[in-house]
Amino acid sequence: MIYMDNAATTMRKPKQVVQAVGEAMESMGNAGRGAHGASLSASRTIYNTRELVCNLFGGTNPRQVVFTSNSTESLNIAIKGLLEPGAHVITTMMEHNSVLRPLYEMCEKGIELSIVKCDKKGVFRISDMEELIEPQTKAIICTGGSNLTGNCVDLEKIGQIAREHGLLFIVDASQTAGVFPIDVQKMHIDVLCFTGHKSLLGPQGTGGMYVREGLSVRPLKSGGSGVQTYSRSHPKEMPTALEAGTLNGHGIAGLHAALEYLNEEGIDWIRKREQELMRRFYKGVKEIPGVKIYGDFSAMERCPIVALNIRDYDSSEVSDALLLDYEISTRPGAHCAPLMHEALGTVEQGAVRFSFSHYNTEEEIDTAICAVKELAKEE
Amino acid sequence: MRKKELKLVVTFHTTTDAMAMEKGCKKQGTPGRLIPVPREISAGCGLAWCAGLDDRELIRKVMDDIGVQEQDMHEVMI
């Protein structure tokens with residue numbers, strides 16, 4: 001099987017990650033729930049992982065790294081924990097439902113939402129975003145890169161605008177964390193939300209957020225914390241404030257190994273490799289008659305994603321044929337990005353998304369190009 | 001239970017601070033170890049850093065260096 005659905009989850013992980021999870025499941029206790037070796041082993045691994053995450057994102061303090069189960073949970077915590085009724089919020093058509101649905105939910109509670117429009121290539125103008133800023137605007141929430149087109153966003157520029165206008169800047173780094181350089185200080189990011197199982201190469205069920213020091217986020221959950229047992233309220237100190245309940249220590253051990261792998265290999269090398277593979281595929285399919293590609297490929301760097309359609313064929317049918325005839329795994333349909341499909345004009349047809357990993361090979365790319373060519377010939 | 005002696009016990013607001021303390025002490029070669037918080041200090045659960053009374057200054061230095069603030073610092077028979 002040729003796996004090209006890495007924007008959904010990277011299926012192939014470094015072997016160290018698999019090994020670390022296995023070892024953790026045989027040796028780890030519950031972090032922060034005792035002073036015995038097994039519990040301390042979990043606590044140490046989790047603390048060391050906080051440091052690695054903090055360093056990766058240019059944070060100032062590992063205590064500001066909160067572990068959650070994925071980006072969706074992090075975004076829910078940030079959106080519901082920072083916005084009050086009456087606040088105006090700006091987001092974009094590029095967003096995934098993990099951003100949009102919590103925002104729509106907050107709209108029912110009285111926030112006002114403006115959505116920056118994208119063109120047919122899935123790109124928005126930052127000047128359009130700036131024009132939407134009103135006196136009651138509280139936050140800008142946007143992705144670092146579209147999970148559908150792979151188009152990236154200039155976070156540094158948006159962060160600068162947010163800072164100039166005194167707005168909170170919340171970023172969904174689901175598609176970019178672990179491959180693209182992210183510096184929360186330089187980019188003026190107040191809350192960075194990430195998942196562990198995509199380009200960070202960790203296990204599913206890991207993820208988290210980096211919260212700027214001094215920013216207080218109202219927690220979604222309260223419960224066990226391992227400290228202040230007899231207090232009726234959940235501790236307010238970070239990161240415990242946002243981490244009620246047992247953490248996914250086994251998964252975080254895997255994420256730790258993944259972060260070490262990324263540090264050893266270097267994210268610049270991984271990104272370069274993925275860009276090469278993505279460009280090779282793009283060049284191979286862009287001239288095929290009947291193939292329509294979505295997204296902006298004039299940008300130097302973009303997420304390693306190519307979304308396409310063949311004529312007016314149902315994207316699900318094409319994806320199914322790719323699997324049955326060529327054993328290529330892709331993702332058809334809507335990709336939880338309803339507004340992006342609206343902008344691209346693909347609400348009915350969906351799109352076939354090929355998303356690559358540095359573990360893919362040139363041979364796999366060429367097989368996929370041939371497959372698209374053959375399918376495009378079919379009547 | 002066992003023979004006790006007077007020790008310095010530092011408590012923290014979070015497990016994360018306790019882990020930062022352990023790492024900082026280890027890095028600087030400062031003696032001590034993590035223990036469950038004794039009941040004389042708190043009836044709740046949690047971790048505390050336990051060291052000899054003579055190590056108070058060394059411990060304070062580690063905490064300053066790594067930016068950890070104690071919840072409390074006690075002298076306890078342990």
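Arg311(A) lies in the loop between strand E10 (305–310) and helix H9 (315–326) of chain A; helices (H or I, at least four residues) and strands (E, at least two) are DSSP runs, numbered from the N terminus. This is a predicted model, in which local features need pLDDT of at least 70 and side-chain atom pairs count only at pLDDT 80 or more, while totals for chains, interfaces and linings use all residues. Residues are numbered from 1 along each chain as its sequence is written, chains are lettered from A and ligands numbered from 1 in the order in which they are written, and side-chain values use heavy atoms, with hydrogens and water left out.

**Backbone features of chain A**

- Phi of Arg311(A) is near 40°, a positive value in a residue other than glycine.
- Arg311(A) is partly exposed because its relative accessible area is 33%; buried means under 20% relative accessible area, exposed over 50%, and partly exposed in between (1.4 Å probe, protein chains only).
- Leu201(A), which is not a glycine either, has a positive phi of about 65°.
- Leu201(A) is found in the loop between strand E7 (191–195) and E8 of chain A, and it counts as buried because its relative accessibility is 3%.
- Met238(A) and Pro239(A) are joined by a cis peptide bond, with omega about 0°.
- Pro239(A) is placed in the loop between E8 and H7 of chain A.

- Glu243(A) sits in the loop between strand E8 (207–211) and helix H7 (249–265) of chain A.
- With a relative accessibility of 9%, Glu243(A) counts as buried.
- The side chain of Glu243(A) reaches the backbone nitrogen of Phe67(A) at 2.7 Å.
- Leaving aside residues up to four places away in sequence, Glu243(A) touches Arg50(A), Val65(A), Val66(A), Phe67(A), Gly224(A) and His234(A); contact means heavy atoms within 4.5 Å.

**Salt bridges**

- Over all chains, the count comes to 19 salt bridges; a salt bridge is a side-chain nitrogen of Lys or Arg within 4 Å of a carboxyl oxygen of Asp or Glu.
- Glu73(A) and Lys221(A) meet through their side chains in a salt bridge (2.9 Å, N to O).
- This pair links distant parts of the chain, 148 residues apart: Glu73(A) is in helix H3 (residues 71–82) of chain A, and Lys221(A) is in the loop between E8 and H7 of chain A.
- Glu73(A) counts as buried at 17% relative accessibility, whereas Lys221(A) counts as partly exposed at 42%.
- A salt bridge also joins the side chains of Asp190(A) and Arg212(A) (2.5 Å, N to O).
- Here too the pair links distant parts of the chain, 22 residues apart, with Asp190(A) in the loop between strand E6 (168–172) and E7 of chain A and Arg212(A) in the loop between E8 and H7 of chain A.
- Asp190(A) counts as buried at 8% relative accessibility, and Arg212(A) is partly exposed, with a relative accessible area of 34%.
- The side chains of Arg271(A) and Asp268(A) form a salt bridge (3.1 Å, N to O).
- Because Arg271(A) and Asp268(A) are three residues apart in helix H8 (residues 267–285) of chain A, about one helical turn separates them.
- A network of salt bridges links Lys272(A), Arg273(A), Glu276(A) and Glu362(A).

**The interface of chain B and chain A**

- In chain B, 21 residues are in contact with 21 residues of chain A.
- The two chains bury about 1,600 Å² between them, 57% of it on carbon and sulfur atoms; buried area is the accessible area (1.4 Å probe) that two parts lose on being put together, summed over both.
- Three salt bridges are found across the interface of chain B and chain A.
- Asp17(B) forms a salt bridge with Arg63(A), and their closest N and O atoms are 2.3 Å apart.
- Helix H1 (15–28) and strand E2 (33–36) of chain B each supply at least two residues of the side of chain B that touches chain A.
- The largest share of that side, seven residues, comes from H1(B).

**Overall make-up of the chains**

- Chain A has 11 helices and 12 strands, and 60% of its 379 residues count as buried.
- Chain B has two helices and four strands, which follow the pattern β-α-β-β-α-β along the sequence.
- Of the 78 residues of chain B, 46% count as buried.

Methods:
Polar contact = N/O pair within 3.5 Å; in protein donor to acceptor, adjacent residues only side chain to side chain.
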